[in-house]
Amino acid sequence: MSVETKETTGRLPEAIPHLEAHVLAELSHHRMKYSGAGSTIPPLILGVQGPQGSGKTYLTSILRNVLQAPPHNLSVAVLSLDDLYLPHDDLVNLAAAHPDNALLRGRGQPGTHDVPLGTQLLNQLKHINDAQPSASGPATIELPQFDKSAFGGEGDRAPHGTAVRAPLDVVLFEGWCVGFYPISRDEVERRYARPIRGLGDDFLCRKGYRVEDVLDVNARLTQYVAWWNLFDAFIQISPPDDHPYDYIYRWRLQQEHDMKARNGGKGMSDPQVESFVDRYIPGYVFFGDGVTEGYEEAPGRRVLPPWLGHGLRLRIGENREVLGTSTF
C-alpha cells in the first residue's frame with residue numbers, strides 16, 4: 001500500500017491534525033518565552049523522527065503546507081537529514097577507508113552525514129531572524145538537496161538546493177535518526193548480545209555487523225549531539241511495539257517502488273533495498289531510545305534531551321494508520 005496522499009483521497013492524512021496541533025501549541029509556548037525580552041524571536045526548531053518508509057518526509061511536507069496556509073500563515077522551512085549526506089565521492093571514500101565496517105558501506109548511519117555543514121545550517125537557521133535585511137532583501141540560507149536516485153540508488157548531493165528566507169516561524173528537521181544519542185560501551189555490548197524482535201536471534205552476526213562496527217558508529221554519533229541541543233520540540237513517528245522493525249522493510253520497499261514509478265525506474269532493486277534497510281536496523285536497536293532517554297555523558301551523569309516535556313509520539317500501524325498519540 002502506498003503512502004496515502006491528499007491528491008488520491010481528497011483529504012489530509014489522519015496524522016496531520018495531531019501534528020498541526022502539537023506544532024501550534026509548541027510555537028505558542030516558544031513565543032511566550034521571548035515575549036517582553038526586546039529581542040527577535042528565533043524560529044521554533046522541531047525535530048521529526050521516524051523509520052524509513054513511515055511517511056515522515058511526506059507528512060512533514062504536508063504539515064509545512066498546512067502551517068503556511070490560512071488561517072496560520074506561518075513561514076516554515078524543512079531541513080531533511082537525508083539532504084545532509086556526504087556527496088557520493090565522499091561516501092565511497094569513507095567506505096574504502098573503513099572496509100571492515102559494514103555499517104559504513106553507503107549512506108545511512110551516523111558518520112555518513114556532513115556534520116560541519118549541518119552544524120552551520122542549524123546555527124544559521126536558529127539566528128536567521130537576527131540578521132538585518134540587506135539591500136538585496138532579507139537573510140537567505142540555501143538548504144542542500146540529496147538525489148537518492150543517482151549512481152544506481154547510492155545517491156549524490158544535487159548541484160542546487162532550496163533557498164529559505166527570513167523571517168522564519170518554524171524549522172522542521174526530519175530524519176530517521178534525528179534525536180538518537182550514543183550509549184556506553186557496556187550498553188552496546190549488552191544490546192549486541194540480545195535477540196532483535198522480529199528479525200531473529202543472530203541478525204547482527206548474520207548480516208556481518210560486528211560489535212566493533214557499532215562502537216565506531218556510536219563514537220561518530222557524539223558529533224550529532226550539538227545539533228540536538230538546538231531543538232525546542234519533537235515529533236516521533238513510531239511503529240507498533242510488537243513490530244518495531246519488520247514493518248520498516250515493507251514500508252521502505254513501497255517507498256522505493258513509488259520513487260522509481262515517478263522517475264522512470266531509477267533507484268535500487270528489491271534486494272538492494274533489503275540490504276539498505278539492514279544497515280539501518282542497528283541504529284534503531286542501539287540508539288533509538290535516546291529520543292526519550294538522552295545519554296550518559298559520564299558515569300552517573302545522564303543528560304536528558306532538551307525537548308522533554310515538548311514531545312509528541314505518533315503510533316502508526318502496518319498501513320501507516322494512526323493507532324494513537326502520547327506526549328513525552
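# Residues and turns in a predicted model

User: How far does the backbone oxygen of proline 42 lie from a polar atom of the side chain of histidine 30?

Analyst: This is a predicted model, in which local features need pLDDT of at least 70 and side-chain atom pairs count only at pLDDT 80 or more, while totals for chains, interfaces and linings use all residues. Residues are numbered from 1 along each chain as its sequence is written, and side-chain values use heavy atoms, with hydrogens and water left out. A polar contact is a pair of N or O atoms within 3.5 Å; within protein, one must be able to donate a hydrogen and the other to accept it, and residues adjacent in sequence count only if both atoms are side-chain atoms. From the proline 42 oxygen to the histidine 30 side chain, the distance is 2.8 Å.

User: Is histidine 30 buried or exposed?

Analyst: Histidine 30 belongs to helix H2, residues 16–34 (helices, H or I, have at least four residues and strands, E, at least two; both are DSSP runs numbered from the N terminus). Buried means under 20% relative accessible area, exposed over 50%, and partly exposed in between, with a 1.4 Å probe and protein chains only. At a relative accessible area of 2%, histidine 30 is buried.

User: What is the mean pLDDT of the protein?

Analyst: The predictor's confidence in each residue, from 0 to 100, is called pLDDT. Over residues 1–8 it stays under 50. Of the protein's residues, 95% reach 70 or more, and the mean is 93.

User: How far apart are the end C-alpha atoms of helix H5?

Analyst: The expected span of a helix is 1.5 Å times one less than its number of residues. H5 covers residues 115–126, so its twelve residues should span 16 Å. The model agrees, as the end C-alpha atoms are apart by 16 Å.

User: How wide an arc do the buried residues of H5 cover around the axis?

Analyst: The buried residues of H5 include Val115, Leu117, Leu121 and Leu125. With the arc taken from the directions from the helix axis to the C-beta atoms, they fall on the same side of H5, because they cover only 165°.

User: Which residue in strand E10 is the bridge partner of alanine 298?

Analyst: Two strands pair if DSSP finds at least two bridges between them. Strands E9 (residues 295–298) and E10 (residues 301–303) run antiparallel and are joined by three bridges. Their hairpin has two residues between the strands, and glycine 300 there takes a positive phi near 85°. The partner of alanine 298 is arginine 301.

User: What is omega for the peptide bond between proline 70 and proline 71?

Analyst: Most residues other than glycine have a negative phi, and most peptide bonds are trans. Proline 71 lies in the loop between helix H3 (56–68) and strand E2 (76–80), and asparagine 73 in that loop has a positive phi of about 55°. The bond joining proline 70 and proline 71 is cis, with omega about 10°.

Notes:
Contact = heavy atoms within 4.5 Å.
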